[in-house]
Amino acid sequence: GQAKGTAAPGATSGNGINFHGGPIMSNPIHLYYIWYGDWSKNTTAQSLLPFLANNIGASPYFNINTTYNQGSTASPVSKTVSLAGTASVTNYPYGTNLSDAQIRQVVIDAMNSGALPIDSDGIYFVLTSSNVNASSGFCTNYCGWHTYFSATVSGSRKYFKYSFIGDVSRCLAACAAQSASPNGNPGADGMASILAHELEEAASDPLLNAWYDTRGAENADKCAWTFGTTYTSNGALANMNIGGKDFLIQ
C-alpha cells in the first residue's frame, strides 16, 4: 500500500520521481511525538528519537529534501525541523492491537485534549511500545507509514500530517537493518531509521499528491534499506553522524 506512504520491509528499486502538483512542507517543520503504551523498558528511545528530531534538520542528509519544491519558482521543503511537543498515552485507551482508525484517533485525542497543539505545520508521530501491534500489518506489511486527515479549524479547512512507527524491537529481523546498533539499542536505532524515512516523505509528499514516481514510491521509498558507505560505531554499522551521535539511516 503505497497510498499510505509505507516503509515496507525489503528494498524498492526504480528511477525517476516527479512532481504531481500537491503541496509540500515549506514552513519550518514541527514534530510531535505521542508515546503510546509502556516505554519504561525502552527509555533509550525516549531520549534518542527526540535528539534525532532536534538535530536532523541541520544535517546534510535532510538537506537533500530542499531539492523538492512546489513548482520551479516556489519555496522548497524546509530544512528546519524541531521537536515541538510530546505526549504520553499510558492507559491503552484503544488496547494493544491498534487499527489505522484508532491510530488516527490517538492523534485527534492529543489535539482535542490540549496535550499537543493543533498545528498544520506539524507531523504527529504515534510511537507504540513493543507490546503494541498495528493490526493492518506492522512487522509484516510495513515498518511505518505516514498519511493525513483534514478537519475544519476556526472556519477553514486544515490538513494534518501524521505517522505510525512501532518499536521495531518487536520484529528486529523485519524492521531493523542490524541486530547491533550504534547507540546500544537496536529497537531505538531501528525506529530512528524508519522515522527519518517517514519524516522526509511527509515533508515532500504530505498529502500524497506531490512527489512520487510512476509506481507511487516516494523519495525515501527509492532508497529504502540502502545505506551507502558505512563505518563502525559501538560494534555496529553507521553511515552518518547527526549532532554528535552515530546513526544507520536508510
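Asp-213 forms a salt bridge with Lys-222, and the closest N and O atoms of the two residues are 2.8 Å apart. The model described here is predicted. Within this pair, Asp-213 counts as buried, at 3% relative accessibility. Besides the link between Asp-213 and Lys-222, the side chains of Lys-41 and Asp-38 meet in a salt bridge with an N to O distance of 3.3 Å. Lys-41 is exposed, its relative accessible area being 71%, whereas Asp-38 counts as partly exposed, at 31% relative accessibility.

The count of disulfides comes to two. In one of them, Cys-139 and Cys-171 are joined, with their sulfur atoms 2.0 Å apart. The torsion about the S-S bond of Cys-139 and Cys-171 is about -75 degrees, and the disulfide is therefore left-handed. This pair links distant parts of the chain, 32 residues apart: Cys-139 lies in the loop between β6 and β7, and Cys-171 in the loop between β8 and α4 (172–175). Both ends of the link fall under the 20% limit for burial: Cys-139 is buried, with a relative accessible area of 16%, and Cys-171 is buried, with a relative accessible area of 12%.

A disulfide is also formed by Cys-143 and Cys-175, whose sulfur atoms are 2.1 Å apart. With -90 degrees about the S-S bond, the link of Cys-143 and Cys-175 is left-handed. Distant parts of the chain are again connected, since Cys-143 is found in the loop between β6 and β7 and Cys-175 in helix α4, 32 residues apart. Cys-143 is buried, with a relative accessible area of 0%, and Cys-175 counts as buried at 1% relative accessibility. When the bonded cysteines of the protein are numbered in sequence order, the pairing reads 1-3, 2-4. Cys-223 takes part in no disulfide; the nearest cysteine sulfur, that of Cys-143, is 14 Å away. At 27% relative accessibility, Cys-223 counts as partly exposed.

The strands β7 (144–153) and β8 (156–166) take part in the pairing described next. Ten bridges join β7 to β8, and the two strands run antiparallel. Trp-145 has Phe-164 in β8 as its bridge partner. The hairpin of β7 and β8 has two residues between the strands, and in this hairpin Ser-154 takes a positive phi near 50 degrees. Strand β8 is also joined to β5 by six bridges, and β5 and β8 run parallel. Ile-123 stands opposite Lys-161 in β8.

Helix α3 comprises 13 residues, 100–112, which at 1.5 Å a residue should span 18 Å; the end C-alpha atoms are 19 Å apart, in agreement with this expectation. The buried residues of α3 are Ile-103, Val-106, Val-107, Ala-110 and Met-111. Seen down the axis of α3, these buried residues fall within an arc of 135 degrees, so they line one face of the helix. Their packing partners include the paired strands β5 (122–128), β7 and β8, together with β2 (29–36), β4 (97–98) and β6 (133–134). Gly-114 follows α3 and has a positive phi, near 85 degrees.

Towards the end of this account, Ile-249 is considered, which is placed in the segment after β13 (245–247). Ile-249 is buried, with a relative accessible area of 1%. When residues up to four places away in sequence are not counted, Ile-249 touches Tyr-61, Ala-192, Ser-193, Ala-196, Thr-226, Phe-227, Asn-239 and Met-240. Ile-249 and Ile-194 are separated by 55 residues in sequence, and their C-alpha atoms are 7.9 Å apart in space.

Terms used: Residues numbered from 1 in each chain as written. Predicted model: local features only at pLDDT ≥ 70, side-chain atom pairs only at ≥ 80, totals over all residues. Heavy atoms only, no water. Helix = DSSP H or I, 4+ residues; strand = E, 2+ residues; numbered from the N terminus. Expected span 1.5 Å × (residues − 1). Buried < 20%, exposed > 50% of the residue type's maximum accessible area, 1.4 Å probe, protein only. Arc of directions from axis to C-beta. Contact = heavy atoms within 4.5 Å. Pairing = 2+ DSSP bridges. Disulfide = S-S within 2.5 Å. Salt bridge = Lys/Arg side-chain N within 4 Å of Asp/Glu carboxyl O.
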